[in-house]
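Thanks for coming. I will go through one structure today, starting with its sheets and ending with a few single residues.

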Amino acid sequence: MPFHSHTLKNGLQIIGETNAAARSAALGFFVRTGARDETPDVSGVTHFLEHMVFKGTPRRSALDVNRDFDRIGAHYNAFTSEENTVFYAAILPEYMSQAVDILADILRPSLRVEDFDMEKNVIIEEIGMYEDQPMWSAYDHAKRAYFSDHPLGNSILGTPDSIRALARDQMYSYFDRRYVAPNIIAVAAGNVDWPKFVDLIESRCSAWQQGPVGRQGVRETPGSGAFQVLTKGKVTQEHVFLISPGPPAESPLRYAADTLALAIGDDSGSRLYWALVDPGLADSADCSFHDYEGAGSFYTSFSCEPGQTQENLAIIHKLLREVQRKGITEEELQQAKSKIGSRVVRGSERPMGRMQAIGMSWIYLHQYRTVDDELNAFDAVTLKSIREVLDRYSLEQVTTLALGPLETLSQKGFNGSR
């Protein structure tokens, strides 16, 4: 499948992977801005701005935006992360011009004061909704505890107080600074007429303003090593996260780290599964690897009956200690690689999957990577490269957070505690 790239005079980049055999197309605008780019006085502004983008433009009302997407049968949405805000649509190829017109239009929103004031309530309700989900709340608090003063610890949603205090002009200033053309990538995949796509983007986006790009605070961190227990009496189970350092997104070791995490804590057939889930000691147990610009981390988590928490923590620390010292087996390595290979291939079979994959690769590495490139990189992972990850990033150097009905937990004997 051919890869294409083009850069407008204002610095906006356009990339795409075309596949004439596909029956659909996907496009997205990747804005390189997220929660880590916020200062404390505008906490939550990136996610709030994502909402406001759909509230209308000088050409369209909020109703028009939704109606125009629906008229072309688009599957559309957006998401905000620690580092990126992505607006996307999956469509039939014949509706590409309409989809580009809508997405490009909403990326220059009106940001009307009345819409801003009304949407505040929606954001605050959303924060409350997520806080009512114990596992998500535990994750968010654990991430903040681990990263401490590192900007990756910034909350994506913000807090009710920070959203109430946010002014429309503060949002506009943030938008004006971060949504500049050189900080945006337009991405397409599937059945796409590439020259036409470039012309469409140029006609709709060439007037977007230029500005500086980049971000501050790009550095690795070993984590705070904190051990926290947050008591929530209305929560029936205990939800626990243990976070340890890992390689950043730009490191070649990210493939070995991803493979290692799957061997430790996939939802079936992993060490955590056999140690906690299969014997019924925990309802869920997981290990995942998250890579960011300049930093990375392993997230190990479980949920269980409160009375089982202390024993499960001891089991996990013993498991992490064994992996740290002995690594994983060849059988575990091959099983994890097979699972990852299946995940990569299945995710690439739809234009939406490829659009997101090539967009993220371009943002973090400024590289185009084919499906075969990814498969080969995972296939090249060896026990030696797993050992290199463990030697550079200790699984025992953990920050721990528990959320649930418990008031105390003992950390005695845990190697990662401080």
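Before the first slide, one term: two strands pair if DSSP finds at least two bridges between them. The model you are looking at is predicted.

With that term in hand, take strand β3, residues 25–31, and strand β5, residues 85–91. They pair in the antiparallel sense, over seven bridges. Within that pairing, A25 stands opposite I91 in β5. As background, strands of a sheet pair through backbone hydrogen bonds, either parallel or antiparallel.

These two strands belong to an open sheet of six, in the order β1-β2-β6-β3-β5-β4, and its pairing is mixed. Which strands stand at the edges? They are β1 (3–7) and β4 (75–80); each has a single partner strand, so one side of each is left without a neighbour in the sheet. From one strand to the next, the twist averages 15°. Helix α3, residues 96–106, lies across β3 and β5 and runs at about 20° to β3.

Now the other sheet I want to show. This one is open too, with five strands in the order β7-β11-β8-β10-β9 and mixed pairing. Its edge strands are β7 (227–231) and β9 (284–292), each pairing on one side only. Here the twist averages 15° from one strand to the next.

Inside this sheet, β8 (residues 238–246) and β11 (residues 399–404) run antiparallel, and five bridges join them.

Next, the aromatic residues. How many aromatic pairs does a search of the whole structure find? It finds 18. One example is Y172 with F175: the ring centres are 6.3 Å apart and the planes are at 45°, so this pair counts as tilted. Both residues lie in helix α7 (residues 168–178), three residues apart, which is about one turn of the helix. F175 counts as buried, because its relative accessibility is 5% and the limit for buried is under 20%.

Elsewhere, F3, W362 and Y368 form one aromatic cluster. There is also a charge over a ring: the charged end of R108 sits over the ring of W208, 4.1 Å from its centre.

Two more residues and I am done. H150 is found in the loop between α5 and α6 (160–165). With a relative accessible area of 1%, H150 is buried. Which residues does H150 touch, leaving aside those up to four places away in sequence? They are R36, G217, R219 and T221.

The other is R325, in helix α11 (residues 309–326). R325 has 57% relative accessibility, so it counts as exposed, the cut-off for that being over 50%. Its C-alpha atom is separated by 9.1 Å from that of R387, although R325 and R387 are 62 residues apart along the chain.

That is the tour. I will take questions now.

Definitions and conventions
Residues numbered from 1 in each chain as written. Predicted model: local features only at pLDDT ≥ 70, side-chain atom pairs only at ≥ 80, totals over all residues. Heavy atoms only, no water. Helix = DSSP H or I, 4+ residues; strand = E, 2+ residues; numbered from the N terminus. Axes fitted to C-alpha atoms, helices over the stretch in contact; angles between N-to-C directions. Contact = heavy atoms within 4.5 Å. Phe/Tyr/Trp six-rings, centres within 6.5 Å; stacked < 30°, edge-to-face > 60°. Buried < 20%, exposed > 50% of the residue type's maximum accessible area, 1.4 Å probe, protein only. Lys NZ or Arg CZ within 6 Å of the ring centre and 35° of its normal.
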